[in-house]
Amino acid sequence: MKNPAFPSYAQACGWNAMLPSRSPRAPAEGHLDAPYVVVGAGFTGMAAARKLCQLNPQAEILLLEASTVGEGSSGRNSGFLTREEYPSSNAAQSVAQNNILNGFNRGAFDELQQLIEDHQIDCDFHSSGRIRAAATPEGANNLRKIQHALESTGHACQTLDATEFKKRIGTDYYKFGIYTDTGHLVQPAALIRGLLAALPPQVQVHENSPVIDLSQHGKRWLLKTPSAQITADHVIMATNASVKFFGYLKEKLVTIHTYAGISEPLKPNEMAHLGAMASWGVLPAHRLGTTVRRVGADRILVRSLYAYEQSLSESVVHEALHRRFHNRYPELSHVRLEHVWGGVTGLTLNGSPYAGRLAQGLYASAGCNGSGIVKGTALGTYLAELAHHNKTNPQIQMAYGTPNSILPDPFRALGFKVISAWESRKAGLES
Ligand SMILES: Cc1cc2nc3c(=O)[nH]c(=O)nc-3n(C[C@H](O)[C@H](O)[C@H](O)COP(=O)(O)OP(=O)(O)OC[C@H]3O[C@@H](n4cnc5c(N)ncnc54)[C@H](O)[C@@H]3O)c2cc1C
């Protein structure tokens, strides 16, 4: 039976499977004691561990990962990241909030870029621009609002019609789109592995070490894994939605499963069907829509589907991802998805992540949803600062907002099902 303290997956992460195999670090064993323990070696946990090293050059830092690095959602995602978000409208408040947000996002993005350069992390990190694409009139209306907000705040964007889509990315499935030149792509499993290798030696990393119990004893914390008991002054829970298992943020977070597939390599004559752009990434006009990107020269990735708190069956996922791929590229309907996998992420009702202190000496960040590479890096850094200085930064809340509370179950499950059925219908061909 699956242990709800941490995610486990039926299918291996496709990005990780495309890399050479690696030997995981040894699990935590016996009695350990450290001033700082970070739980979860994703983008948030890595950023927290790095920052703690800068702030406490002498302190030992333990980083515990339930699975192996690259097999968590930080390796399972689609690899879209951006240095700058755009305001959702030209209202003064939206623009001001977006400026604060971009201050943190730029810091996190630049740190990742610097680490990639300094440590020569081979992760296909590159600028690709960003395409938002609509297949339906409703989707096109959504994008026109974004286009208006961009133009009225002085940001350059190009609009795309079906002919232009066909030329650039090889499909005329989409009828309207906007292209902006900020946007990068990365091989996420290669990046997270590289970030692990780049951690200073003062961070002791233990893989296959799920924390299954967490309790407070006076001013200290006791963490239990299957083979270790660890005491700590400060614990940073960088586990995303798994923090709910320990009794925290239950009323703010839901666990969402979403799925991705990467095609087998295309033959040279098939690659011509992916359009003239050497690299591109397409985000949907509707939030329950499908993400598509080129992977290297000869593969394509499709990410789609959302399920609430439990995984979908393998056959449903395979069929749906193949259908979405072949609907967009009927000329490639003989091409199979070689790797198909799912991942979990934490979702809040209003899309704002949580980052803060849960109790004395206990901190968490969760709910970065579909932009955790950059946001997780920013919020992990913040949690390390919070743990070290014991001082909150109100700018973080101004930038990212605060998550609303969600109704308890069974109303929450029912509400999610009704909303997602309604939104899925609205998403229609954007799926
Ligand atoms: C299919 C898919 C596509 C996505 N696409 C994008 C994208 O293109 N761009 C983007 O920015 N984001 C994307 N996301 C979201 C992104 O992956 C997450 O926001 C990001 O991974 C959050 O980082 P994190 O470090 O906070 O959490 P995670 O990456 O979830 O890391 C948490 C880690 O904690 C570990 N853990 C959990 N519980 C325990 C425990 N009890 N003990 C020890 N360890 C534990 C987990 O194994 C995991 O490794 C996508 C997600 C999915 C699933």
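The model is a predicted one, in which local features need pLDDT of at least 70 and side-chain atom pairs count only at pLDDT 80 or more, while totals for chains, interfaces and linings use all residues. Residues are numbered from 1 along each chain as its sequence is written, and side-chain values use heavy atoms, with hydrogens and water left out.

Two packed helices are described by the angle between their axes and the distance between the axes. The axes of helix 2 (residues 43–55) and helix 7 (residues 188–198) come within 10 Å and cross at roughly 20 degrees, where axes are lines fitted to C-alpha atoms, for helices over the stretch in contact, and angles run from 0 to 180 degrees between N-to-C directions. Helices (H or I, at least four residues) and strands (E, at least two) are DSSP runs, numbered from the N terminus. The crossing of helix 2 and helix 7 is left-handed, a term that applies if the near helix is turned anticlockwise from the far one by less than a right angle, with clockwise giving right-handed. On the side of helix 2 the contact (heavy atoms within 4.5 Å) is made by F43, M46 and R50, and on the side of helix 7 by P188, L191, I192, L195 and L196. By class, this contact has 7 nonpolar, no polar and 1 charged residues, where Ala, Val, Leu, Ile, Met, Phe, Trp, Tyr, Cys and Pro count as nonpolar, Asp, Glu, Lys and Arg as charged, and the others, Gly among them, as polar.

An open sheet of 8 strands has the order 6-7-5-14-15-16-13-17, with mixed pairing; two strands pair if DSSP finds at least two bridges between them. Strand 6 (158–161) and strand 17 (337–348) stand at the edges with a single partner strand each, so one side of each has no neighbour in the sheet. From one strand to the next, the twist averages 25 degrees. Strand 15 (residues 291–295) pairs with strand 16 (residues 299–308) in the antiparallel sense over 5 bridges, and the bridge partner of T291 in strand 16 is R303. Helix 5 (residues 137–152) packs on this sheet, where it touches strand 5 (130–134), strand 6 and strand 7 (176–180), and its direction makes about 30 degrees with that of strand 7. Helix 6 (residues 162–169) lies across strand 5, strand 6, strand 7 and strand 14 (281–284), and runs at about 95 degrees to strand 6.

K166 is found in helix 6 and, at 34% relative accessibility, counts as partly exposed, the class between buried (under 20% relative accessible area) and exposed (over 50%), computed with a 1.4 Å probe and protein chains only. Leaving aside neighbours within four places in sequence, K166 is in contact with T171, D172, G275 and E331. P7, in the segment before helix 1 (14–17), is likewise partly exposed, at 32% relative accessibility, and, with neighbours within four places in sequence left aside, P7 is in contact with S242 and V344.

A further open sheet, of 3 strands, has the order 3-8-4 with antiparallel pairing, and its edge strands, strand 3 (80–81) and strand 4 (126–127), each pair on one side only. Strand 3 and strand 8 (residues 184–185) are joined over 2 bridges, with H184 of strand 8 as the bridge partner of L81.
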